Every structure is written in C-alpha cells, then in structure tokens.
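Here's a quick briefing to read with the fold open beside you. Have a look around first, then work through the points by topic.

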Amino acid sequence: MDIQIRVKVLKQQCVMAEVSYYTKEGLEKLKEELQYLKTVGRSNISKAIAEARDKGDLSENAEYDAAKEAQGLHESKISQMQEAVANARLLDESKLDASKVLALSKVKIKNVKNGATMTYQLVSESEADLKAGKISVASPIAKGLLGKKVGETTEIQVPAGKMEFEILEITR
C-alpha cells in the first residue's frame, strides 16, 4: 500500500476514535452499512480476487494487484466503521433541552440580509444530508448556532463570507 494512503488511513483512524453522537436511525444505518460491507462487500472482493487469480501468472497480473488493493481499502473501511460504531453514542432526543441549539436540535433560522428562512437538524458528520435538511455539527453554520437561543442573532463565517442569522425556532 502506498505511504500516502497509509498516512491518510491513520489520520482517519485517529479522527474516528472520537466519540460521535447519533440519532437512533443514524446509528442503525451505520450498523447496516457495516454489516453489508462485512458480508456482501467481502464476498464481492473475494470473487474478484478469485477471477483475477484464475487468469494466470500473478507476478504480472494487474487485475489481481488491483483486486488485492481494493481488498485492503475495503478492510480499512470496515475497521474505521467498526471504530465508529464502538465510539458511537445514542442521544435520547426526548431529554434534549429545547431552549438552546444542541446536537440533534431542529432549528429554523432566518438570513437577516435577505429574509430567507431555512430549517436544519444538527446531526453527526456521517448523518449529514443537506437535501434532507441535516447538517453536520462540525459545519460552520452548525458551530455558529450551537448554544444560541430563540431570538438571538449570530454572525457566521462561511466560505462566501460572513452571514448573519436569527434563530426563529428550536425543536427536537
């Protein structure tokens, strides 16, 4: 395996060692994906290696080398996901304080400059899905909203510059 890939994998493993908070559905989705990788994914890679091995001389078989490299990357992903599941914490949404923005809060905000309103739920990085209105708690907007209460405004640095938002509503 290339040294740059190893360094990247090690960095990802260090990041993955951190505790992450999940909704019940998010943790189930993570566990399902891990199970899929361990069963179907491993089976598919084994078939690809077997097919490549059947093609002859392994010393000059690029297809075999590619399949073995894919296997290494696949096993690395499984390892990372196992670490994520081990460090996952399930948040009980019913016990969250709805008076301020926290992880898993659904927050309705208004762009002070143009009056546009949007609603986001702050979720773990792996659950983030902008189309579904779920943003990572590690995103600039979520970081700027955390701890704020209804009626407060906050100025958030985003790639396009500074934006000011007013918190309109917080729900669980």
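Two residues are in contact here when heavy atoms of theirs lie within 4.5 Å. With that in hand, take Val107: leaving out residues up to four places away in sequence, Val107 touches Val101, Met118, Thr119, Tyr120, Leu122, Leu145, Ile167, Glu169 and Ile170. Keep in mind that this is a predicted model.

**The overall picture**

- The protein has 4 helices and 7 strands, and along the sequence they come in the pattern α-β-α-α-β-β-β-β-α-β-β.
- There are 172 residues, and 30% of them count as buried.
- If you look at contacts between residues at least 6 apart in sequence, 53% of these join residues at least 24 apart.
- The accessible surface is about 10900 Å², with 51% of that belonging to carbon and sulfur atoms.

**The sheet**

- Five strands make up an open sheet with mixed pairing, in the order β5-β4-β3-β7-β6.
- At the edges sit β5 (134–136) and β6 (153–158), each of which pairs on one side only.
- From one strand to the next, the twist averages 45 degrees.
- β3 (residues 106–111) pairs with β4 (residues 117–123) in the antiparallel sense, over 5 bridges; as one example, Lys110 has Thr117 in β4 as its bridge partner.
- β6 also pairs in the antiparallel sense with β7 (residues 161–171), this time over 6 bridges, and here Thr153 has Glu166 in β7 as its bridge partner.
- The link from β6 to β7 is a hairpin through 2 residues.

**Nonpolar cores**

- The largest nonpolar core contains 14 residues, and the ones with the most contacts inside it are Val107, Ile109, Ile141 and Leu145.
- Two or more residues of this core come from each of β3, β4, α4 (140–145), β6 and β7.

**Helix α3**

- How far apart are the end C-alpha atoms of α3 (residues 62–86)? They are 36 Å apart, and this agrees with expectation because 25 residues at 1.5 Å a residue should span 36 Å.
- Buried residues in α3 are Tyr64, Ala67, His74, Ser76, Ile78, Gln80, Met81 and Ala84.

- Ser124 is in the loop between β4 and β5. Is this serine buried or exposed? Its relative accessible area is 5%, and buried means under 20%, so Ser124 is buried.
- Apart from neighbours within four places in sequence, Ser124 is in contact with Tyr21, Tyr22 and Ser136.
- Leu104 is in the loop between β2 (88–90) and β3. Leu104 has a positive phi of about 80 degrees, although it is not a glycine.
- Leu104 has a relative accessible area of 1%, so by the under 20% cut-off it is buried.

Definitions and conventions. Residues numbered from 1 in each chain as written. Predicted model: local features only at pLDDT ≥ 70, side-chain atom pairs only at ≥ 80, totals over all residues. Heavy atoms only, no water. Pairing = 2+ DSSP bridges. Axes fitted to C-alpha atoms, helices over the stretch in contact; angles between N-to-C directions. Buried < 20%, exposed > 50% of the residue type's maximum accessible area, 1.4 Å probe, protein only. Areas by Shrake-Rupley, 256 points an atom, 1.4 Å probe, with all protein chains shown as cover. Expected span 1.5 Å × (residues − 1). Core = buried A, V, L, I, M, F, W, Y, C linked by side-chain atoms within 4.5 Å.
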